[in-house]
Amino acid sequence: MAEQTLKEKTAKGLFWGGLSNGTQQVLNAIFGVFLARLLSPDDYGLIGMLGIFMGVASVLQDSGFSIALINRQEVRHEDYNSVFWFSFTVGIICYIILFFSAPLIADFYEQPELTNLSRILFLWLLISSTSIAHSAMLTKKLMIKERMKIEVSALFICGTIGVILAFRGFAYWGIAIQTVSHAFVGSSLRWYYVKWRPTFTFDFKPLKAMYSFGIKVFFTSIFGQINANIFSILLGRFYKPDQVGYFTQGNKWMTMGSSFIGSMVGNVSLPVLSEVILDAERQRQIFRKMLRFTSFISFPAMFGLAFVAPEFIMIKVCDKWLPCVPIMQLLCVWGAVIPISSLYTHVLLSRGKSDIYMYSTITLGLVQLIIISSMLSMGIFYMVMAFVVVNLLWMFVWHYFVFREIKLSLWAALKDVVPYAGIALLAIAAAYFITGHITDIYLLILTKITVTAILYGGLMWICGSETFKESLSYLLKKTGKK
């Protein structure tokens, strides 16, 4: 692939990925406001308790083969077909096991209502298992525009269903039905846009070629799910449901912001980096450019979200959720780095180093579990703080492994990342003093966002940021202004 062609594919992928995720986050915010006002912290807490089971089961039915497909240079029908039947089979097995385990889950959390709730919610796993191969094909072929149509349509339809059910008093059942319907609509649309169809040839031999790579991604993903749900497990077992709800709500808004950036870049980075694995120098250049772009977007977005968190929660979901603000602000610090962390892991995966990815993630998970468990008596705020610090420090571990692969020095990486973080903090600090006298909450949040955005953009221009100028030029071109 020519350099210019690769640049065009990357730029196009980032543009459509950004548009897709931006639209999704707007819809998520709109639906999230209605649901948070209609539902209680306990409702969100009950759903949050089941997150670890859904996460682990979803990893089992994928088992790392989706990433293995994306990472392969050439993929045949037989490869997709074997992954489809494997995922569907495991999906059925997982649902049966979880269906009969539902009473045990309810007993563990001492919440009897979880028995029936989990049996409905876990239908999501069975339905989503039918489109894992299709989703991998969408990513492999960089069908970003089609992904946007699928994800936005599914979110709009299912968000509407969730709000209607909440209005009618379905409480946590509304969230469960919304989740299941999202899997159904999303899977149906993937089948519509991806013309590939499975055949009744039950040959799992192609999985053997992907097994070595996929099994390591599988174990990594299992620990990743444990890491992501560690608070829901611990809080659900040792605290009241409303505490899980506060964490779930704060984490939800942080994740919305972080996933906007992470998905926009992540849907492009692994396929693009995989195409240039034979040229470490070229891969390093592409990685650094992605690193700068991600930092340019991520730091002002996530630091800015932490900055306006009090007003945001008050306006969006009312004062009953104010206890989630400090949690959300802490998580936003880590949220700014999540997309950067994903970029680092994509370098390792593109070079076939799934073993390093696995061992590092498992070690990180064990360290987090030990530290957070030892702080149970200190409360959720300090537990979250410890979680954020551990993950930030672990970035140096990821960098060490990437350095071994593409010889990117720590100093070079810091030059690509730190200026954007520093300028974002400087813009926010200035905006804090400028808006300090405003008392009206609506005017305050609007002014905070406007002033921070103007200052950040102005400082980017003054500092001569090439990433800022290239992004601005591309947006103007796409909107027909240039």
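Reader: In this predicted model, at what angle do H6 and helix H10 pack, and how far apart are their axes?

Author: The model is a predicted one, and in it helix H10 covers residues 172-193. H6 and H10 pack with their axes 9 Å apart, at an angle of about 20 degrees.

Reader: How is H6 oriented relative to H10, and why?

Author: The angle between H6 and H10 is about 20 degrees. Angles under 35 degrees count as roughly parallel, and therefore H6 is, relative to H10, roughly parallel.

Reader: Which residues make the contact of H6 with H10, and how do they divide by class?

Author: From H6 the contact takes Asn-116, Leu-117, Ile-120 and Leu-121, while H10 brings Tyr-172, Trp-173, Ala-176, Thr-179 and Val-180. The crossing of these two helices, H6 and H10, is right-handed. By class, the residues of the contact of H6 with H10 are seven nonpolar, two polar and no charged.

Reader: Are H5 and H6 roughly parallel or roughly antiparallel to each other, and why?

Author: Helix H5 spans residues 77-109 and helix H6 spans residues 114-121, and they pack with their axes 8 Å apart at an angle of about 150 degrees. Since angles over 145 degrees count as roughly antiparallel, H5 and H6 are therefore roughly antiparallel.

Reader: Which residues of H6 make the contact with H5, and how many residues of that contact are charged?

Author: H5 contributes Tyr-95, Phe-99, Ala-102, Pro-103, Ile-105, Ala-106 and Tyr-109, and H6 answers with Leu-114, Thr-115, Ser-118 and Arg-119. The crossing of H5 and H6 is right-handed. Of the residues in the contact of H5 with H6, eight are nonpolar and two are polar, and the number that are charged is one.

Reader: How are H8 and H9 oriented to each other, and why?

Author: Helix H8 (residues 132-140) and helix H9 (residues 144-167) have axes that come within 8 Å and cross at roughly 135 degrees. H8 passes H9 in a left-handed crossing. Angles over 145 degrees count as roughly antiparallel and those from 65 to 115 as roughly perpendicular, and H8 and H9 are therefore oblique.

Reader: How do the residues of the contact of H8 with H9 divide by class?

Author: On the H8 side the contact is made by Ser-135, Leu-138 and Thr-139, and on the H9 side by Glu-146, Arg-147 and Ile-150. The residues of the contact of H8 with H9 divide into two nonpolar, two polar and two charged.

Reader: Which helix gives the most to the lining of the second largest pocket?

Author: The second largest pocket has a volume of about 370 Å³, and of the 17 residues that line this pocket, the closest to its centre are Phe-299, Val-337, Met-395, Leu-414 and Val-417. The elements that give two or more residues to its lining are helix H13 (280-307), helix H16 (338-350), helix H18 (380-406) and helix H19 (410-434). By class, the lining of the second largest pocket has 16 nonpolar, one polar and no charged residues. The helix that gives the most, with six residues, is H19.

Terms used
Residues are numbered from 1 along each chain as its sequence is written. This is a predicted model: local features need pLDDT of at least 70, side-chain atom pairs count only at pLDDT 80 or more; totals for chains, interfaces and linings use all residues. Side-chain values use heavy atoms; hydrogens and water are left out. Axes are lines fitted to C-alpha atoms, for helices over the stretch in contact, and angles run from 0 to 180 degrees between N-to-C directions. Helices (H or I, at least four residues) and strands (E, at least two) are DSSP runs, numbered from the N terminus. A crossing is left-handed if the near helix is turned anticlockwise from the far one by less than a right angle, and right-handed if clockwise. Contact means heavy atoms within 4.5 Å. Ala, Val, Leu, Ile, Met, Phe, Trp, Tyr, Cys and Pro count as nonpolar, Asp, Glu, Lys and Arg as charged, and the others, Gly among them, as polar. On a 1 Å grid over the protein atoms alone, a cavity is a set of points where a 1.4 Å probe fits but cannot get out, and a pocket is an open set with protein on both sides within 12 Å along at least five of seven lines; lining residues have an atom within 4 Å of a point. Grid points are joined across faces, edges and corners, and a volume is the space filled by probe spheres set on the points.
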